[in-house]
Every structure is written in structure tokens, then in C-alpha cells.
Amino acid sequence: MTTICEQWFIEHDFSGEDLQQQHYRDCHFYRCRFNHADLSDCQFERCQFVESGDLLGCDFSYATLTNASFKQCNLSMSLFRGSRCFGAEYRDNNLQGADFHRASFTNYITQKSYFCSGYITGCNLAYSNFDGVLLEECELFDNRWRGANLNGASMRGADLSGGEFSADQWGSFDLRGANLTRVELEGLDPRVVPLEGVIINQWQQAQLLAPFGLIISAD
């Protein structure tokens, strides 16, 4: 694995390149294109993918990001449309406004049989786009989801503990079997949102039962 440190890449076109197993640390990528590039097993640490004042980050559309790792990076406004993200990890990143529409965290065994793998933890996902994305059984804890588009997404069985959601997001995505411990559940109405198998803390019961007019007293 080659380690590249503190390099600047301005409007560089990496489209279609084979960048497997590269390790980038403290690098800057401004207005760069990674379309259809193979970034399998790549590691990015403390890298900047958007310049202050820019309205768009780097473009990873249709890139292969299998088992790629982004840690403590600024990926706000980046495009991941159609990218292959199975096994990819995003840890403690700024992903505000990032677009993951049609990104795939799934490995299909047959046309109808699949499993997911992805790790998105401690990230700012405000106003990001996960429309229709499958993130079942994935590690998705301690993220800020407020304002994100989660319409049609499936997070069944995922670890969503410690996440921040807005009231209008409940019911827009599938969370059956998910871990919702340490999550403020204000606005989540169990009468309209399926909650089979969902895991919560005891203190969250009061929030869930509020729509029924029930008041939970201390023991």
C-alpha cells in the first residue's frame, strides 16, 4: 500500500483509474472527479474533498468503493451516485449534503437475495440524500440525520443508536428491527410507523406512548 501525505489535487480527473489500496493522509482534493474509478480498499484520513465556498464537492459517481475507508474527512456536497459501497466505512466525517442516490451497499446472491455491509458512524449527514438506499444490518450509530432524504430507504436491523432525527423523517424509511437506543423519539407515532423488533431504552417508552395520551410515572 502506497501512502500519500499532504498533497493537493486541484480539478484532477481520476476517472476510470485503478487506485486500489492507496492510502491518502491529510490530502486536499478540490473539484476532482473519481467517476468509475476503482477505489477498492483505499484509505483516506483527514482529507478535504471540498474547498471553502464551493457549492459542490468531489464526484465519486459510479466509482467502486468496496471496503474503502474515509476517516475524519470533509466530504460535504460530494456525489456518490451509483457508487458501489459494499463494505465501505465512513467514520467521523462531514457528509453534509452528500448524494448517495442509487449507491449500493449490497451484495446480491440472487436477484431477490442479498445482504448489506456498510459503516457510517459519527458523521454529519444533514441534508444528505439516501433516497431508496438499502442499509440493512449496517453500523449507522451516532450520526446526525436531520434534514436528510431517507425516503424509501431500508435500515432494517441496523444500529441507529445515538442518531439525531427530525420528527418528519419517521415513517419515510424502514426501521423494523433497528437499534434506536439513545435516540430522541419525539414525533415517532407507533400507530403509523411499523416498529417490530425495534430496540429502545426504558426512558424512551414515554416518548413512544405519548401519542396515546399515556403518562409514564417513575417507579
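This is a predicted model: local features need pLDDT of at least 70, side-chain atom pairs count only at pLDDT 80 or more; totals for chains, interfaces and linings use all residues.
- Six strands make up an open sheet with parallel pairing, and their order is β1-β3-β5-β6-β7-β10.
- At the edges stand β1 (3–5) and β10; each has a single partner strand, so one side of each is left without a neighbour in the sheet.
- On average, neighbouring strands here are turned by 10° against each other, direction ignored.
- Three bridges join β7 and β10, which pair in the parallel sense.
- If you want a place to look at this pairing, take Tyr-90: its bridge partner in β10 is Ile-120.

**The nonpolar core**

- The largest nonpolar core holds 60 residues.
- Within this core, Phe-29, Phe-34, Phe-49, Phe-60 and Tyr-90 touch the most other members.
- In soluble globular proteins, nonpolar side chains tend to be buried together.

**Salt bridges**

- The model has 13 salt bridges.
- Side chains of opposite charge can pair when their charged atoms come close.
- Arg-146 pairs with Glu-164, and their closest N and O atoms are 3.7 Å apart.
- Both Arg-146 and Glu-164 lie in the loop between β10 (119–121) and α1 (205–209), so the pair ties together parts that are 18 residues apart in sequence.
- Glu-164 is partly exposed, with a relative accessible area of 38%.
- Asp-174 forms a salt bridge with Arg-156, where the closest N and O atoms are 3.8 Å apart.
- This pair, too, links distant parts of the chain: Asp-174 and Arg-156 are each in the loop between β10 and α1, 18 residues apart.
- The two partners fall into separate classes of accessibility: Asp-174 counts as buried at 18%, whereas Arg-156 is partly exposed at 37%.
- Glu-89 and Arg-91 form another salt bridge, with 2.9 Å between the closest N and O atoms.
- Glu-89 counts as buried because its relative accessibility is 17%, and the cut-off for buried is under 20%.
- There is also a network of salt bridges, which links Glu-11, Arg-31, Glu-51 and Asp-54.

**A buried histidine**

- His-23 sits in strand β3 (residues 23–25).
- The residue is buried, with a relative accessible area of 6%.
- Its side chain makes a polar contact of 2.6 Å with the side chain of Glu-45.
- A further polar contact, of 3.4 Å, joins the side chains of His-23 and Thr-3.

**Buried residues in loops**

- Ala-88 belongs to the loop between β6 (69–71) and β7 (89–91), and its relative accessible area is 0%, which makes this residue buried.
- Apart from neighbours within four places in sequence, Ala-88 is in contact with Leu-65, Asn-67, Ala-68, Ser-117, Gly-118 and Tyr-119.
- For a sense of scale, the C-alpha atoms of Ala-88 and Leu-160 are separated by 17 Å, and the two residues are 72 residues apart along the chain.
- Ser-117 lies in the loop between β9 (114–116) and β10 and is buried, with a relative accessible area of 14%.
- Among the residues in contact with Ser-117 are Cys-85, Phe-86, Ala-88, Phe-105 and Cys-138.
- Ala-153 is placed in the loop between β10 and α1 and counts as buried at 2% relative accessibility.
- The contacts of Ala-153 include Phe-130, Gly-132, Val-133, Ser-172 and Phe-173, along with Asp-174, the residue that forms a salt bridge with Arg-156.
- The C-alpha atoms of Ala-153 and Ile-199 are 19 Å apart, with the two residues separated by 46 residues along the chain.

How values were computed. Residues are numbered from 1 along each chain as its sequence is written. Side-chain values use heavy atoms; hydrogens and water are left out. A nonpolar core is a set of buried Ala, Val, Leu, Ile, Met, Phe, Trp, Tyr and Cys residues joined through side-chain atoms within 4.5 Å. Buried means under 20% relative accessible area, exposed over 50%, partly exposed in between (1.4 Å probe, protein chains only). A salt bridge is a side-chain nitrogen of Lys or Arg within 4 Å of a carboxyl oxygen of Asp or Glu. Helices (H or I, at least four residues) and strands (E, at least two) are DSSP runs, numbered from the N terminus. Contact means heavy atoms within 4.5 Å. A polar contact is a pair of N or O atoms within 3.5 Å; within protein, one must be able to donate a hydrogen and the other to accept it, and residues adjacent in sequence count only if both atoms are side-chain atoms. Two strands pair if DSSP finds at least two bridges between them. Axes are lines fitted to C-alpha atoms, for helices over the stretch in contact, and angles run from 0 to 180 degrees between N-to-C directions.
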